Structure formats: structure tokens, C-alpha cells
Amino acid sequence: RDSFHESLLERESLGGTDLPIGVAIPHGKSTDVNKTFVSIVKLDKKIHWQEYKVNLIFIIGIAKKDIKQTKRIISNIYNIINNEQILNELRRVNTTKEVEKIINGR
């Protein structure tokens with residue numbers, strides 16, 4: 001929904017979702033999401049987010065109907081970002097297909 005962007009900004013105003021490993025995990029309200037998604041944004045250069053500089057952004061939108069899946073989705077994201085090898089691979093690739101291969105473990 002159009003209001004999702006605003007809910008992302010509202011959430012960030014409560015406290016940054018950036019991590020010292022160069023990753024940010026912004027998310028909005030489930031009431032502003034029609035279909036659950038995780039979008040990965042890879043930047044060529046790090047930008048200052050809130051407290052840290054980041055170059056990988058995992059934007060999370062969880063639809064109200066999928067709210068019971070929140071723990072699993074967040075856990076999967078943290079499994080990725082806690083693996084330095086995977087993060088390095090994500091930072092090196094240039095295509096969506098390459099990102100999908102890394103995320104899907106192929």
C-alpha cells in the first residue's frame with residue numbers, strides 16, 4: 001500500500017534498524033502490506049543509515065494474514081546476516097538470479 005513507505009519512516013524514527021555489520025532491516029506495519037515480501041537492496045557504496053554505514057538493506061513487509069510467520073521470516077533473515085560468507089557473497093553479486101541462488105543455498 002502507499003502507506004507502507006510512511007510506516008517504514010515511522011518505525012525508523014523509533015530507532016534505527018541498522019546493524020554494525022553494514023546491514024539495515026527496515027520494516028513497516030503489517031496493516032500497510034498487501035502481500036508478504038522481503039526485498040534485498042544492495043548498494044555499491046555504504047551510506048550512513050542511523051548509527052552505522054550500510055550497503056545491504058533487507059526491507060521486510062509482512063501482511064496481516066501472515067503475521068504468524070513473522071518469527072520464521074525474521075529467523076531466516078538473521079541466519080543470512082549472521083553468516084559473514086553469505087553477506088560477502090551478496091555484496092559481490094550483480095543480478096537478482098545470483099542473489100536468489102545465494103539465498104536459496106544453491
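I checked which elements line the largest pocket: strand E3 (37-48), helix H2 (70-81) and helix H4 (96-103) each give at least two residues. Helices (H or I, at least four residues) and strands (E, at least two) are DSSP runs, numbered from the N terminus. H2 supplies the largest share of this lining, five residues.

I noted that this is a predicted model, in which local features need pLDDT of at least 70 and side-chain atom pairs pLDDT 80 or more, while totals for chains, interfaces and linings use all residues. Residues are numbered from 1 along each chain as its sequence is written, and side-chain values use heavy atoms, without hydrogens and water.

I looked up the volume of the largest pocket and found about 400 Å³. Its lining has 16 residues, with Val38, Ile40, Ile77, Ile80 and Ile103 the closest to the centre. A pocket here is an open set of points on a 1 Å grid over the protein atoms alone, where a 1.4 Å probe fits, with protein on both sides within 12 Å along at least five of seven lines; lining residues have an atom within 4 Å of a point. The volume is the space filled by probe spheres set on the points, which are joined across faces, edges and corners.

I then turned to the second largest pocket, which holds about 210 Å³. Of its 16 lining residues, Ile25, His27, Ile60, Ile62 and Ile74 are the closest to its centre. Strand E1 (18-19), strand E4 (53-61) and H2 each give two or more residues to this lining, and H2 gives the most, three.
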